[in-house]
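Have the sequence and the 3D view open, and look up each residue as you come to it.

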Amino acid sequence: MINSMKYFFFTVCLVFTLIRCQKFNVTDPDRGVSLVLNNQRKSVLTDISYSLQLEIPASKNEAIKGEVIIQFNLSSAREPLTIDFNTDSSHVLALRSGAEVIPYTFVNEHIVIPSEFLKEGSNELAIKFVAGDLSLNRNDNYLYTLFVPDRASTCFPLFDQPNLKATYKVTLVTPSGWEAVSNGTLKEKKSESEKSIYTFDETKPISSYLFAFAAGKFLKMTRQVNDRSMTMYYRETDSVKVKNNVDEVFALHGKSIAWLEEYTNIDYPFGKFDFVLIPSFQYGGMEHPGSIFYNESSLFLDEKVSVNRRMGRASLIAHETAHMWFGDLVTMDWFNDVWMKEVFANFMAAKIVQPSFPEIDHNLRFLLSHYPSAYDVDRSEGANSILQPLGNLKNAGTLYGSIIYQKAPIVMRHLERKIGEELMRESLREYLKTYSYANAKWDDLISIIDTKLEDDIEAWSNVWVKTPGMPEYEWNEQDFIRQRLDTVSNRIWQQPLKIQRTEQNDTALVIISGDPIHLKRLFEVNFLNADGFSYGYFNMDESSKVTFLSYPLAYSDPVFRASMWINCWESMVRADGPTPEAFIRYSLNALETEDNPLLIDFLLGNLQTIWWTFLPDHNRTLMQSELEQVLWKLVEISEDAGKKNSYFRSYRNMAGSEKGLALLESIWSDKVIIKDLTVSEEDKIALAYELAVKMPQHQEEILARQLENTKNPDRKERMLFVMPALSDNREIRDAFFESLKLEKNREHEPWVLEALSYLHHPLRAESSISYLRPSLDLLKEVQLTGDIFFPQRWLHTTFDGHTSQQALEIVDAFLKEHPEYPPYLKNKILQATDLINRSVALQKLKPEQI
Ligand SMILES: [Zn+2]
């Protein structure tokens with residue numbers, strides 16, 4: 001039946017392709033969903049509904065067949081209609097309107113219907129198809145969808161763009177014994193021989209990336225929470241683990257819903273509320289309305305986990321629940337505004353969760369987990385704005401990065417501080433109410449706020465959201481603080497700035513909004529951004545920097561200390577002093593007294609970056625034993641297991657003396673046991689890798705023994721992949737790099753990244769420099785074939801080990817030879833090489849200073 005049908009339609013297609021060539025003069029749609037296609041469809045289509053039926057066989061290798069009936073209203077039928085179906089033409093089995101067979105062409109992953117078969121007003125098309133498996137995550141015994149951002153069309157034909165919201169009526173035919181869940185309420189379950197038929201009620205209007213279903217052997221549990229029935233689907237078989245977590249998991253959802261209903265003044269908008277826990281789900285969670293999917297291990301925690309993990313879980317649940325309003329009820333119009341839904345979900349989650357964890361210093365966490373990473377991008381030549389242009393949904397992955405995840409939350413905090421919590425809530429309520437079950441842009445929210453405020457919020461938004469980079473502040477010759485002239489367009493980055501003038505125990509808050517006349521520098525010591533709230537580069541005067549760096553623990557507030565460390569770091573990388581060598585000494589000195597675990601990790605992270613990126617080899621040798629002594633002492637005296645581990649990992653990363661390596665070797669081989677230091681199998685492997693690079697003469701025996709001692713089969717497999725990158729034999733390393741040019745060898749991205757980090761180990765930079773150019777040549781392909789975060793990670797791990805002028809020249813030459821290179825990828829290259837640029841500049845300034 002299928003074969004003959006296929007043959008029939010193949011001939012139909014062929015005939016109509018020929019006819020089309022003569023008759024229609026229409027530009028073929030590009031692959032993916034272009035902004036042009038998005039706009040064209042948005043202008044003519046309304047009232048879309050899908051009735052989808054899928055037959056899911058038990059075997060994951062057998063094809064899933066289905067039918068979708070698409071109803072829609074057309075305001076004009078003059079143009080052909082493009083339906084997205086990101087597979088190949090053989091997946092389309094039949095296309096009809098009522099009884100009539102409709103001809104179509106299949107172009108670049110789209111079904112194109114000629115205009116003469118369309119009419120103004122309501123239309124109905126029925127398409128029989130074989131579903132593409134790409135986004136169905138088919139496993140033995142279960143499958144689940146993950147359709148963000150434009151992956152629904154890999155499964156079935158539809159209009160796959162967020163601003164064409166539609167209702168979905170779904171029927172899933174599954175093997176008997178399987179459960180099935182989707183966005184709509186389960187209306188009916190029927191059993192037929194060997195099969196179950198699940199029919200779901202029609203959903204509210206939702207965007208295609210939010211449509212979802214899962215089916216398979218799931219366990220389930222239903223609870224009443226605040227008069228709402230919720231069902232949890234899961235696969236964990238450890239009943240004790242389930243029991244230990246289940247109360248909290250339901251309660252956290254209940255609490256989040258109640259809080260959001262109160263804050264938004266809108267009842268939960270999607271009727272039923274279920275969630276599905278999936279082993280090794282790609283993300284922490286995905287906010288499908290009525291059916292949130294989670295990574296099972298993020299919700300089912302082990303007993304005795306840290307307070308941070310518990311807060312992580314509460315935040316994840318609050319984040320996904322907040323999306324029901326922010327993202328699902330009101331959705332961005334186009335994926336360039338994807339940052340908005342993420343930032344709102346985080347913003348709400350913080351409000352929901354933080355009061356329940358008073359033992360955590362939330363301000364310090366926020367400062368350290370957002371500002372430094374945002375600065376890393378914003379100080380570079382490749383900085384991008386929060387709101388970025390996006391020409392085609394297939395490139396939506398390139399929008400993600402530190403600016404969306406780290407800078408946008410900072411800007412949102414600024415907005416709330418600027419307009420006040422009350423006005424923020426009032427504006428968000430109005431925004432949600434106005435655009436319910438529809439779409440909105442960032443500017444729509446800004447207009448709402450604008451009507452309620454005297455300040456020009458649009459000017460503020462244009463600078464913070466629509467332009468890249470960060471402001472820079474300094475004292476001018478008349479001792480006034482001022483924003484350095486902005487070279488781009490004379491922007492003024494309005495924000496408050498807190499200055500602490502310690503000697504008089506005096507703080508001042510100035511609002512920076514225009515000319516450089518703000519606050520006279522009156523005293524010896526002036527600490528800029530004392531509360532860590534403001535965003536930018538704060539170039540403090542020499543005496544303030546030295547005062548802080550010499551005795552950081554003289555200041556009891558950890559947020560203040562963190563903010564000063566960040567100022568000094570930015571100052572160091574910009575060659576405003578201190579020197580990298582001095583920074584290392586200050587850091588080592590501070591580590592001996594610093595007690596805050598977040599600050600310790602921050603200092604150790606910076607220390608490693610300076611050590612490998614900013615120190616000339618000669619100076620590294622000179623400082624080696626001093627560094628090892630301090631770090632090892634900290635490993636030994638630290639009583640806290642977490643801190644001990646942090647010190648040890650840094651020691652492992654930077655040790656290089658004969659004595660240091662001998663010590664690492666004896667820990668690795670269990671000859672020396674350090675009290676209270678847990679050395680897991682993963683730590684052992686990392687130790688073996690470090691030793692292999694730093695003691696090449698013993699490399700073979702170390703790696704062979706580690707491989708033999710590694711019990712976990714996944715880790716063993718990973719080791720076998722990584723080991724050639726560690727080899728002391730140049731030819732083996734060359735062959736390994738060559739192998740990465742094949743897509744299939746880049747499949748396990750974390751493995752590839754680990755291997756690259758050793759291939760480009762700073763101690764081997766001279767030989768690995770030959771991989772830089774081919775790595776850049778591969779970048780476009782890496783972006784097209786890899787996960788959304790892979791291109792930037794590929795670049796960072798490739799360049800992090802290099803600090804030479806020669807490396808920079810390779811980058812320059814590549815960019816010069818490719819003047820038309822996609823800007824979003826060019827930016828990623830410039831972001832990844834920012835510190836090398838700065839390191840080279842610094843070394844030219846002070847070649848041998850120590
Ligand atoms: Zn999210």
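## Pairs of opposite charge

Arg773 and Asp777 are four residues apart in helix α26 (residues 772-785), so about one helical turn separates them. Their side chains meet in a salt bridge, with 3.1 Å from N to O. Arg773 counts as partly exposed at 24% relative accessibility, and Asp777 is also partly exposed, at 43%. Keep in mind as you look around that this is a predicted model.

What lets such side chains pair up? Side chains of opposite charge can pair when their charged atoms come close.

By the rule used here, the count comes to 45 salt bridges. Here are three of them, set side by side.

| Salt bridge | N to O distance |
|---|---|
| Arg773 and Asp777 | 3.1 Å |
| Lys272 and Asp274 | 2.8 Å |
| Asp455 and Lys418 | 3.4 Å |

The salt bridge of Asp455 and Lys418, with its closest N and O atoms 3.4 Å apart, links distant parts of the chain: Asp455 sits in the loop between α11 (442-452) and α12 (457-464), while Lys418 belongs to helix α9 (residues 402-419), 37 residues apart. Asp455 is partly exposed, with a relative accessible area of 41%, and Lys418 is partly exposed as well, with 28%.

Are Lys272 and Asp274 buried or exposed? Lys272 counts as buried because its relative accessibility is 12%, under the 20% cut-off. Asp274 is buried too, with a relative accessible area of 9%.

Salt bridges can also join up into a network: Asp376, Arg379, Glu472, Glu570, Arg574, Asp834 and Arg838 are linked in this way.

## The zinc ion

Which protein atoms are the donors of the zinc ion? They are His319 (NE2), His323 (NE2), Glu342 (OE) and Glu342 (OE), lying 2.1 to 2.8 Å from the ion. In sequence, the donor residues follow the spacing H-x3-H-x18-E. Here, too, distant parts of the chain are linked: His319 is in helix α6 (residues 307-323) and Glu342 in helix α7 (residues 338-353), 23 residues apart. Both His319 and Glu342 are buried.

Why is the arrangement of the four donor atoms called irregular? The angles that they subtend around the zinc ion run from 50 to 143°, whereas a tetrahedral arrangement would need all angles to lie between 85 and 135 degrees.

## A helix with a buried face

Helix α10 (residues 421-434) has 14 residues, which at 1.5 Å a residue should span 20 Å; its end C-alpha atoms are 20 Å apart, so the two values agree.

Within α10, the residues Leu423, Met424, Ser427, Leu428, Tyr431 and Leu432 are buried. Seen down the axis of α10, its buried residues fall within an arc of 165°, so they line one face of the helix. On the other side of α10 you can find Glu422 and Lys433, which are exposed. The elements covering the buried residues of α10 include α4 (239-264), β21 (330-332), α7, α9, β22 (438-440) and α11.

Ile56 is found in the loop between β1 (45-55) and β2 (65-74). Ile56 is buried, with a relative accessible area of 5%. Not counting residues up to four places away in sequence, Ile56 touches several others, among them Ile64, Leu143, Leu172, Trp178 and Phe213.

Thr613 lies in helix α16 (residues 597-614) and is buried, with a relative accessible area of 9%. Leaving aside its neighbours within four places in sequence, Thr613 is in contact with Asp800, Thr803, Leu835, Ser839 and Gln843.

## Backbone angles to look at

Most residues other than glycine have a negative phi, and most peptide bonds are trans. With that in mind, look at Glu194, where phi is near 65°. Glu194 is in the loop between β13 (186-192) and β14 (195-200), and it counts as exposed at 67% relative accessibility. Asn529 has a phi near 60° and lies in the loop between β27 (527-528) and β28 (537-538). Asn529, however, is buried, at 2% relative accessibility.

Where are the cis peptide bonds described here? One joins Val148 and Pro149, with omega about -5°, and another joins Gly577 and Pro578, with omega about 5°. Pro149 is in the loop between β10 (142-144) and α3 (152-155), and Pro578 in the loop between α14 (558-573) and α15 (580-591).

Terms used:
Residues are numbered from 1 along each chain as its sequence is written. This is a predicted model: local features need pLDDT of at least 70, side-chain atom pairs count only at pLDDT 80 or more; totals for chains, interfaces and linings use all residues. Side-chain values use heavy atoms; hydrogens and water are left out. Helices (H or I, at least four residues) and strands (E, at least two) are DSSP runs, numbered from the N terminus. Buried means under 20% relative accessible area, exposed over 50%, partly exposed in between (1.4 Å probe, protein chains only). Contact means heavy atoms within 4.5 Å. A salt bridge is a side-chain nitrogen of Lys or Arg within 4 Å of a carboxyl oxygen of Asp or Glu. Donors are N, O and S atoms within 2.8 Å of the metal (3.2 Å for Na, K and Ca); water is not among the atoms, so sites may look incomplete. Four donors count as tetrahedral if all angles lie between 85 and 135 degrees; four count as square planar and six as octahedral if opposite donors are over 155 degrees apart and all others between 65 and 115; anything else is irregular. The expected span of a helix is 1.5 Å times one less than its number of residues. The arc is that of the directions from the helix axis to the C-beta atoms.
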